[in-house]
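Thanks for coming. I have one structure to go through today, chain by chain. Let me put it on the screen.

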Amino acid sequence: MCLAVPGKVESIHDDHGTRMGRVNFGGVVKDVCLAYLPDIAVGDYTIVHVGFAISKIDEASARETLRTFEELGILEEGLAELRDAP
Amino acid sequence: MKHLAEYRDPETARRLAAEIGRIVTRPWAIMEVCGGQTHSIIRNGIDQLLPDEPGRRVEMIHGPGCPVCVTPLETIDKALAIAARPEVIFCSFGDMLRVPGSKENLFQVKGGGGDVRVVYSPLDAVKLAQRCPEREVVFLAIGFETTAPANAMAVKLAKEQGLTNFTMLVSHVLVPPAIEAIMRSPGHRVNAFLAAGHVCSVMGTWQYPPLAARFGVPIVVTGFEPLDLLEGIRRAVVQLEEGRAEVENAYSRVVSERGNEAAQRVIAEVFAPTDRAWRGIGTIPASGWRLSDAYRAFDAEQRFGVAGITAIESPLCKSGAVLQGTLKPDQCPAFGKECTPRTPLGATMVSSEGACAAYYNFRHG
Amino acid sequence: MADFAHFSCPTSLRDYPHVILGHGGGGALSRDLIEGVFLPAFSNPLLDRLGDSTVLDMAGDLAGGGRLALSTDSYVVRPLFFPGGSIGELAVNGTVNDLAMSGAIPKVLTCGFILEEGLPIADLARVVERMAAAARKAGVRIVTGDTKVVERGHGDGVYINTSGLGVVPPEVMVGREPPRPGDAVLCSGTIGDHGMAIMSVREGLEFDAPIESDSAPLHGLVAAMLAACRDIRMLRDPTRGGVATSLNEMAAVGNVGIEIDEHAVPVNPHVAAACEILGLDPLLVANEGKLLAIVPAAAADRVLAALRAHEHGRQAVMLGRVVAEHPRLVVMKTRVGGTRVLPMPIGEQLPRIC
């Protein structure tokens, strides 16, 4: 359940009272309903499921997550060094 | 694609898998609840990367988080009855077209002349109703909490626009009651859960601490890309090895503790809780959503008088036990014989990420 | 656009801007279609005789051990026109490519039309024009044909059947030896372009740069490959069902296992993005201008060079190898180092939400 894909909001417009946006997914642009993200702005990234944006992607959290992966690499190298030390 | 490619890095995947291998000291079974997670695990071969030695292993049990798999047989039969009617344009997500009902599936109804159409979004069905006022447009509104905001908005817009030819056949299912049912079923083997990341982006994580506490299981909110899944598994294993049972959010870039409150408000307006029969599992109280009284006029069951349809599951089909993790697909007597992807008895063989189909494809090709 | 000035009976096609049942009846209206639409586009000395059948002189082609190759295919596509092509190009290139997979040089095509009552003649003329252009580009002539009309509501506008005749030169034999472990599995370029070009029209996806169908005639490409390596084991063009289906067919027919590396699979970034949104796997999406080849290991580099030197093979890659393990199964090493079996898909791949 829940195929949702990240895309970047390129523009926002109103369709008969419903907030809609044009969202760019790696070069593919689709109209997406933004009604559930009243604070989303052009340039933000969002997760889109069946034509609806359901969450804004928090860039700081994303960076943090990737940083912990990097630290895992440093940890692993450190452990390898310990293992291989005479 | 940004926010996707970074979570597919092979070197980081290798390191995460190695780290899991380093810390595991016992056999653990982790259930991923969401069908999308199952799909990603199989498609990326992630289960192949997990430790698998006698006494030190991490086994993934594929859970009932696939609305295709758990949509009740009755709902499929009701859908088929409605779709066969000449005045109806029946709209559905593609996933549902091959799910077998008691006698046939939507694809076959389409072949027999029914106007069955695959849509990408429920809004496409509403647009169709606007464009074809002389036809009855029916949308099959299934899914977990992730899809509920979209389905709710569709019927809300239909009401606001005063459409009289749009209805929905609703069969939403909810994750927390499913986790509870699994933990209460005798013989279950689940030590920890990966909670469904996109369900939680809508509903938040606040529903899970009571479950973690009551059943003593770690619950890690997890995403869908390879690194997200491996990280979710890693955190679950850390907790298991340390004897903890807490809720952790490993998908924080998308999930917050409160979730999407705008979506939750519209869901509360459009839907109401109901008991729901889960295919292969049975009825779980308050585990589903139906249309609320304010939206009864948009209920396809009432419009087309199909509420009375009931169905009996194939006695051969053991998908319930498979979904609960108490039976492996190849332990089912019908596996590979009466039941194959081409001739599925139950939804776990129909859905490409159903556990039975996944097993079959892996072994037989 | 059909030039109505060529008509012998100038009133009729102007009176009927849409196809009617009479156009399939064999009488004057049929004649008008032939003379007003088909002949101006396809004209060649063989076709222009308009006999019930066309007699071919193949003696020169068959001298010295040349063999005939024969193929037929029917074309059903909606929408009729899409970025990068139309049903017209598909109808020519599809059959040309079936012949090319045997190492044949395509010579002539037949073409049968089933037209839906109500189809605008202008649309038919556009399709026919595209077919003629594709035929010229492929170096084939359309030498006989047929037209029938079905009632409105049956027929998706146009269905086309083309049968093709080609000649396999005496020195060519694809599959002289069966595939064996160690052989290389090659792919001539990016996958999923055609299917996603169609899907994107159907799903209303827009692109910075549109995805175009890759429909193209491949016999020249095959000839270049054969010049580099006489012992090509197998050739397949992965149309419906995509690369995964063709690889499974090759594994089954050759009774061998195949292993491919996901990192090697070439996918245009827009095709990849469109697949992500709709939940589709590019390996299961149709292609119309690509081929898969199994070649001896020692010849892989030479054949890849020949592919890449050709306009239709610029992005050719080696996908993987034939292996002794798991006969008849295709296994993929995934982008994160896991493994998965690539099964033969059952039926059409549909967009999913789950």
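Some ground rules. This is a predicted model, in which local features need pLDDT of at least 70 and side-chain atom pairs count only at pLDDT 80 or more, while totals for chains, interfaces and linings use all residues. Residues are numbered from 1 along each chain as its sequence is written, and chains are lettered from A and ligands numbered from 1 in the order in which they are written.

Chain B, then. Chain B has 16 helices and twelve strands. Helices here are DSSP runs of H or I with at least four residues, strands are runs of E with at least two, and both are numbered from the N terminus. For its 365 residues the globule rule gives 21 Å, and the radius of gyration of chain B is 21 Å, so chain B is as compact as a globular protein of that length. The radius is taken over C-alpha atoms, and the rule is 2.2 Å times the number of residues to the power 0.38. The C-alpha trace of chain B spans about 65 × 45 × 40 Å along its principal axes.

How much of chain B is buried? Of the 365 residues, 60% count as buried. Buried means 20 or more other C-beta atoms within 10 Å of the residue's own, exposed means 12 or fewer, and partly exposed is in between, with C-beta atoms placed from the backbone. On contacts (C-beta atoms, placed from the backbone, within 7 Å): among those in chain B between residues at least 6 apart in sequence, 78% join residues at least 24 apart.

Next, chain A against chain B. Here 30 residues of chain A are in contact with 40 residues of chain B. On the chain A side, the elements giving two or more residues are strands S1 (4-15), S2 (18-25), S4 (45-49) and S5 (52-56), plus helix H1 (59-84). The largest share, eight residues, comes from H1(A). By type, that side divides into 20 nonpolar, eight polar and two charged residues. Nonpolar covers Ala, Val, Leu, Ile, Met, Phe, Trp, Tyr, Cys and Pro; charged covers Asp, Glu, Lys and Arg; the others, Gly among them, are polar.

On to chain C. An automatic or database domain assignment gives domain 1 (11-168) and domain 2 (184-341). Their C-alpha centres lie 28 Å apart. Across the boundary, 20 residues of domain 1 are in contact with 21 residues of domain 2. Which element gives the most to the domain 1 side? H5(C) does, with eight residues. As for H5(C) itself, 14 of its 14 residues are buried.

Last, the backbone of chain C. Most residues other than glycine have a negative phi, and most peptide bonds are trans. A cis peptide bond joins C:Arg78 and C:Pro79, with omega about 10 degrees. C:Pro79 lies in the loop between strand S1 (67-75) and strand S2 (81-82) of chain C.

C:His326 has a positive phi of about 35 degrees and sits in the loop between strand S12 (317-323) and strand S13 (330-333) of chain C. C:Arg328, in the loop between S12 and S13 of chain C, has a positive phi near 75 degrees. C:His326 counts as partly exposed because it has 15 C-beta neighbours inside 10 Å. C:Arg328 is also partly exposed, with 16 other C-beta atoms within 10 Å.

Methods. Contact = placed C-beta atoms within 7 Å.
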